[in-house]
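Welcome to this guided tour. Open your viewer, find the selection tool, and follow along one stop at a time.

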Amino acid sequence: MLKRNQAVCLSAKYAVAFSALLALAACDSDDNPVITDTGSGTDTGNGTDNVEQPDNGGVQTVSVVLDAAQEIPAPSGVPAGASGSADVSIDANGVVTATLGVSNLTGPAVMAHIHRGFAGDTGPVVIGLTSDDGGSTWTVPADARALTAEEIGAFNRGELYFNVHTAANGAGEIRGQIDAGNATAFTIRLENISTTNTLNVASDGTTQAVPLSPGAYIVHRNNADSPLLLPRDAANAGLEAVAEDGNTAPYPSAVSGAAIFNTPVGADAPGPIGPGGAYEFTLQAIEGDKFAFVTMFIPSNDWFYTTTDADNSIDLFVDGQPISGEVLESDIAIWDAGTEADEEPGTGPNQVQRQAGADTGTADPDTRVSSIAGRGQSVSLNGRVLRVTITPQP
Ligand SMILES: [Ca+2]
Ligand SMILES: [Ca+2]
Ligand SMILES: [Ca+2]
């Protein structure tokens, strides 16, 4: 819950933070990045081409240790020895069995679940466990549903976790990430390379920088489109909030598997990034997984940058190898969420830097989630705004 609670709305007050950020000197980078081959020419778009799901032909069993240190938000009053251990198994059809034992908690465990979320993040319940010994031992009930294909992917990439609740720590007292050991970690860096000369404002002949907002990302594999953008005929609540206000709070509940990034590198609180600023986060993925993100083009009513490779996502593996380097400029574009009528970029009174409040502005006459180019729109930019670099970890 921590990250959701940390999510911010960009408000008039926030414009002060912008100024401070924009005053930061742009950082020059002389590196010579490898251009990422995102494999768009070979993707069949169905996400199932030659994908080897590790060990997925049989049953996988993973041992999991639960403790208070993994819990988010941090629980209170937990005895030093509070812990849990579990063996969880999954078969090729997604049927999950598990036995979880807990001990030394503040009181009896009152609920236990398997959730979806990476380490350091929180997410929704996938499976509820039951106990018939007063909360010491928990198992997956026989009538629990099987995991979906997408959730089997989540299991393999380490995106599921156990969470155990007590009366004293209702949000959770001990937690244990289910790490099947099949995933590759990737560090994703979104860097603002705009300058104060990047955005041309035709009406007054001035230029501006293009700050970018906290945003959302997702790792997925069985969707033919980025779930962050669905449905395409009208934006989901998560996309609307990011695209209009840089507000990431609704995304995790609006889109299953969506995670957020919100704190700039070197900052201790969530906020936008101006020239030279960056967001950095690490995700885990397995072969066949794809990555997508959204971040607000702040001087707009409802524009955002997103991935535009096949499936509006970037293949994280090509020919079995993790990709590495800078994402091609042509694989990122400005899209319109279709939720607010567009005013001149950098000047509109209903844009987040000037508007009276969040979610303020005239409805968009075209509700489709689509690229500004596809809508016959354009924006006058002197140079690039966003550089995305993907680096697999050894
Ligand atoms: Ca619009
Ligand atoms: Ca709106
Ligand atoms: Ca607005």
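Which residues do ring pairs link into a cluster? Select Tyr217, Phe261, Tyr279, Phe281, Phe291 and Phe293 and show their side chains: ring pairs link these residues into a cluster. Keep in mind throughout that this is a predicted model.

**Stop 1: the whole chain**

Switch to a cartoon view for a moment. The protein chain holds 5 helices and 23 strands. It has 394 residues, and 51% of them count as buried. Among contacts in the chain with a separation of 6 or more, 73% are between residues 24 or more positions apart.

**Stop 2: aromatic pairs**

Searching the whole structure turns up 9 aromatic pairs. Select Phe186 and Phe317. Their ring centres are 5.5 Å apart and their planes stand at 90 degrees, so this pair is edge-to-face. Phe186 belongs to strand S9 (residues 184–192) and Phe317 to strand S18 (residues 317–318), so the pair links distant parts of the chain, 131 residues apart.

Phe261 lies in strand S13 (residues 259–261) and Tyr279 in strand S14 (residues 278–285), so the pair ties together parts 18 residues apart in sequence. Phe261 counts as buried at 4% relative accessibility, and Tyr279 is buried with a relative accessible area of 1%.

For one more ring, select Tyr161 and Arg175. The charged end of Arg175 sits over the ring of Tyr161, 3.4 Å from the ring centre.

**Stop 3: a calcium ion**

Select ligand 3, a calcium ion, and show what surrounds it.

**Stop 4: helix H4**

Next, select residues 237–245, which make up helix H4. Of its 9 residues, 7 are buried, so H4 is largely enclosed by the rest of the structure. The buried ones are Gly238, Leu239, Ala241, Val242, Ala243, Glu244 and Asp245. What do they pack against? Show strand S12 (212–220), helix H5 (251–254), strand S15 (290–297) and strand S16 (303–307), and you will have the packing partners in view.

Asn236 caps the N-terminal end, with a side-chain oxygen 2.8 Å from the backbone nitrogen of Gly238. Just after H4 comes Gly246, with a positive phi of about 65 degrees.

**Stop 5: Leu212**

Strand S12 also contains Leu212. Leu212 is buried, with a relative accessible area of 0%. Select some of the residues it touches, including Asn192, Pro272, Tyr279, Met296, Tyr305 and Val385. Leu212 and Tyr305 are 93 residues apart along the chain, and their C-alpha atoms are separated by 8.8 Å.

**Stop 6: backbone details**

Zoom in on the backbone from Ile72 to Pro73, where the peptide bond is cis, with omega near -5 degrees. Pro73 is in the loop between strand S1 (60–67) and strand S2 (83–90). Another cis peptide bond joins Leu230 and Pro231, with omega about -10 degrees. Pro231 is in the loop between S12 and H4.

Asn312 has a phi near 50 degrees, a positive value in a residue other than glycine. Asn312 lies in the loop between S16 and strand S17 (314–315) and is buried, with a relative accessible area of 9%. Asp319 is not a glycine either, yet has a positive phi of about 55 degrees. Look for Asp319 in the loop between S18 and strand S19 (321–322). Is Asp319 buried or exposed? Asp319 is exposed, with a relative accessible area of 76%.

Terms used
Residues are numbered from 1 along each chain as its sequence is written. Chains are lettered from A and ligands numbered from 1 in the order in which they are written. This is a predicted model: local features need pLDDT of at least 70, side-chain atom pairs count only at pLDDT 80 or more; totals for chains, interfaces and linings use all residues. Side-chain values use heavy atoms; hydrogens and water are left out. Donors are N, O and S atoms within 2.8 Å of the metal (3.2 Å for Na, K and Ca); water is not among the atoms, so sites may look incomplete. Helices (H or I, at least four residues) and strands (E, at least two) are DSSP runs, numbered from the N terminus. Buried means under 20% relative accessible area, exposed over 50%, partly exposed in between (1.4 Å probe, protein chains only). Contact means heavy atoms within 4.5 Å. Rings of Phe, Tyr and Trp (its six-membered ring) pair if their centres lie within 6.5 Å; planes under 30 degrees apart count as stacked, over 60 as edge-to-face and the rest as tilted. A charge sits over a ring if NZ of Lys or CZ of Arg is within 6 Å of the ring centre and within 35 degrees of the ring normal. A polar contact is a pair of N or O atoms within 3.5 Å; within protein, one must be able to donate a hydrogen and the other to accept it, and residues adjacent in sequence count only if both atoms are side-chain atoms. Lists of a residue's contacts leave out its neighbours within four places in sequence.
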